[in-house]
Amino acid sequence: MRQRKKLLKLLPIILLSFISLLYFVLNFSPASLFTVFGFKISYVLFFFVLTFIFIYSFSTLIFANKRRGFLIAIFVILFLFLRLNKLNSPYFAILLVILIGSLELLFIKRK
């Protein structure tokens, strides 16, 4: 029960990341850039970071396991990155599932 109360502290992070993710999706074009100290940075980078934070915290809350939350978030980010680069073959998704599944099995065996 104590573990679940610790995980409920993730709710503000989930809400903030979801609201900011919605704001980015609705208000900024993926092709637009912004400049910080002379560097041009795409808004896609912030989309991936906010998506990772949201998926990680949400799946950590659901599964009550940080490792599984991290693996699910990595899977989603890699899948979206492959789709962004027009690698739409279902074989890439199958390879990602195999990769993430083998990492999960590796971490289970190490325990």
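Visitor: What is the accessible surface of the protein chain, and which atoms does it belong to?

Guide: In this predicted model, the accessible surface of the protein chain comes to about 8,400 Å², and 75% of that surface belongs to carbon and sulfur atoms. The C-alpha atoms fill a box of roughly 45 × 35 × 25 Å, taken along the principal axes, and of the 111 residues 24% count as buried.

Visitor: Which helices and strands does the protein chain have, and in what pattern?

Guide: The protein chain has five helices and two strands, and read along the sequence they follow the pattern α-α-β-β-α-α-α.

Visitor: How do you know that the span of helix α2 agrees with what a helix should span?

Guide: Helix α2 covers residues 11–27, which is 17 residues, and at 1.5 Å a residue these should span 24 Å.

Visitor: Which residues of α2 are buried, and what makes them line one face of the helix?

Guide: Ile14, Ser17, Leu21 and Phe24 are the buried residues in α2. Seen down the axis of α2, the buried residues fall within an arc of 105°, and therefore they line one face of the helix. An α-helix has 3.6 residues a turn, so residues three or four places apart point the same way. What covers the buried residues of α2 includes α3 (43–63), while on the other side of α2 the residues Leu15, Leu16, Ile19 and Leu26 are exposed.

Visitor: Why is Leu22 called partly exposed?

Guide: Leu22, which lies in helix α2, has a relative accessible area of 39%. Buried would need a value under 20% and exposed a value over 50%, so with 39% Leu22 counts as partly exposed. Leu22 also belongs to a nonpolar patch on the surface, formed together with Leu15, Phe18, Ile19, Val25 and Leu26, and the accessible area of this patch is about 590 Å².

Visitor: Why is Glu104 called buried?

Guide: Glu104, found in helix α5 (residues 90–110), has a relative accessible area of 13%, and because the cut-off for buried is under 20%, Glu104 is buried. Leaving aside residues up to four places away in sequence, Glu104 touches Arg67, Arg68 and Leu71.

Visitor: What makes the pair of Arg67 and Glu104 a salt bridge?

Guide: The side chains of Arg67 and Glu104 meet with N to O at 2.8 Å, and because a salt bridge needs these atoms within 4 Å, the pair is counted as one. Arg67 lies in helix α4 (residues 66–84) and Glu104 in helix α5, so the pair ties together parts that are 37 residues apart in sequence.

Visitor: How many salt bridges are counted, and which residues do they join into one network?

Guide: The count comes to two salt bridges. Glu104 also forms a salt bridge with Arg68, where the closest N and O atoms are 3.2 Å apart, and this pair links helix α5 with helix α4 across 36 residues. Arg68 counts as partly exposed, at 34% relative accessibility. Through shared partners, salt bridges join Arg67, Arg68 and Glu104 into one network.

Methods: Residues are numbered from 1 along each chain as its sequence is written. This is a predicted model: local features need pLDDT of at least 70, side-chain atom pairs count only at pLDDT 80 or more; totals for chains, interfaces and linings use all residues. Side-chain values use heavy atoms; hydrogens and water are left out. Helices (H or I, at least four residues) and strands (E, at least two) are DSSP runs, numbered from the N terminus. Buried means under 20% relative accessible area, exposed over 50%, partly exposed in between (1.4 Å probe, protein chains only). Contact means heavy atoms within 4.5 Å. The expected span of a helix is 1.5 Å times one less than its number of residues. The arc is that of the directions from the helix axis to the C-beta atoms. Patches are made of residues with over 30% relative accessible area and no salt bridge: like charges are joined within 9 Å, nonpolar side chains (Val, Leu, Ile, Met, Phe, Trp, Tyr) within 5 Å. Accessible areas come from the Shrake-Rupley method with a 1.4 Å probe; for residues, only the protein chains shown count as cover.
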